[in-house]
Amino acid sequence: MIFGFNTDVKHGDTIYHVQSEAREGDQLLQTQVFVRGRCVGKKAISYARPASQTGFGDAQKEQMLRDQHRQVLDGIREGKLESVLDRGEAEALAGIKELDVQWLNAASVHADGNLTMQLRVTEGGAAAPGARLIFRFARADAAPFYTQAVADSGGSAEIKIEVQESTLPDSSLMVQASYEGRTATRKFLLRKGE
């Protein structure tokens, strides 16, 4: 029996296509990960040993492949794809530059009547100097507020919005970063610290 799985999964601004199949001739269960049509990693396991045991059939082979496929999908969703790929395959993944936005002061954002957010924009782990950030601050009782900033040489940017702390638990902030033709959008929900 021939079977396989194909799934598209998004992490950040990157869409990964995950394709898993049983390679009967090699007695191998293989999962390949593609980004923009290019294979960036593989995970393969042999089913030769289980196949030699009594009671091992297509149903068991399919379940093994399904579990492997799910493990790779979970790795992508958790941002830990490199840890589930076969060794050596992770190096190809490192060549893909992905834009990321990190919230540096998430634990303490409100002081002196201002919401202050410190962010860092990176591309492939390196600072993205000059990245443009557009912020959309939304509250339940007011029209959205927009502002923008440009990242410094270290990829860092800061915004301050004058707002009462009591309105923050029902607010959200959407940040879109643009750098060299790439964009990344993140939504942050604000809540009162305990």
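The expected span here is 1.5 Å times one less than the number of residues, and helices (H or I, at least four residues) and strands (E, at least two) are DSSP runs, numbered from the N terminus. Bear in mind that this is a predicted model, where local features need pLDDT of at least 70 and side-chain atom pairs count only at pLDDT 80 or more, while totals for chains, interfaces and linings use all residues. Residues are numbered from 1 along each chain as its sequence is written, and side-chain values use heavy atoms, with hydrogens and water left out.

**Helix α2**

- The buried residues of α2 are Lys61, Leu65, Gln68, His69, Val72, Leu73, Gly75 and Ile76; buried means under 20% relative accessible area, exposed over 50%, and partly exposed in between (1.4 Å probe, protein chains only).
- Those residues cover an arc of only 160° around the axis, which puts them on the same side of α2; the arc is that of the directions from the helix axis to the C-beta atoms.
- Their cover includes the strands β1 (4–11), β2 (14–23), β3 (28–35) and β4 (38–46), along with α3 (81–84).
- After α2 comes glycine 79, with a positive phi near 75°.

**The four-stranded sheet**

- Four strands make an open sheet in the order β1-β2-β3-β4, with antiparallel pairing; two strands count as paired if DSSP finds at least two bridges between them.
- β1 and β4 stand at the edges with a single partner strand each, so one side of each has no neighbour in the sheet.
- From one strand to the next, the twist averages 15°.
- α2 packs on this sheet, touching β1, β2, β3 and β4, and its direction makes about 10° with that of β1. Contact means heavy atoms within 4.5 Å; axes are lines fitted to C-alpha atoms, for helices over the stretch in contact, and angles run from 0 to 180 degrees between N-to-C directions.

- On the β1 side, β2 runs antiparallel and is joined by eight bridges, with lysine 10 opposite isoleucine 15.
- The β1–β2 hairpin has two residues between its strands, and glycine 12 takes a positive phi near 65° there.
- β2 also pairs with β3 over eight bridges in the antiparallel sense; alanine 22 stands opposite leucine 29, and valine 18 has valine 33 as its bridge partner.
- The β2–β3 hairpin has four residues between the strands, with glutamine 27 in the turn at a positive phi of about 50°.

**Valine 9**

- Valine 9 is found in β1 and is buried, with a relative accessible area of 6%.
- Leaving aside neighbours within four places in sequence, valine 9 is in contact with Thr14, Ile15, Tyr16, Val18, Leu73, Ile76 and Arg77.
- Leucine 168 is 159 residues from valine 9 along the chain, and their C-alpha atoms are separated by 32 Å.

**β9, β12 and β13**

- β9 (residues 132–139) and β12 (residues 172–179) pair in the antiparallel sense over seven bridges, and phenylalanine 137 has leucine 173 in β12 as its bridge partner.
- β12 is also joined to β13 (residues 182–189) by eight bridges, again running antiparallel; here methionine 174 is partnered by lysine 187 in β13.
- Two residues separate β12 and β13 in their hairpin, and glutamate 180 in the turn has a positive phi of about 45°.

**Aspartate 112**

- Aspartate 112 lies in the loop between β6 (110–111) and β7 (114–123).
- Its phi is positive, near 50°, in a residue other than glycine.
- Aspartate 112 is exposed, with a relative accessible area of 77%.

**The whole chain**

- The protein chain has four helices and 13 strands.
- Its radius of gyration is 22 Å, well over the 16 Å that the globule rule gives for 194 residues, so the chain is more spread out than a compact globule. The radius is taken over C-alpha atoms, and the rule is 2.2 Å times the number of residues to the power 0.38.
- Along its principal axes, the C-alpha trace spans about 70 × 35 × 25 Å.
- Buried residues make up 37% of the 194 residues.
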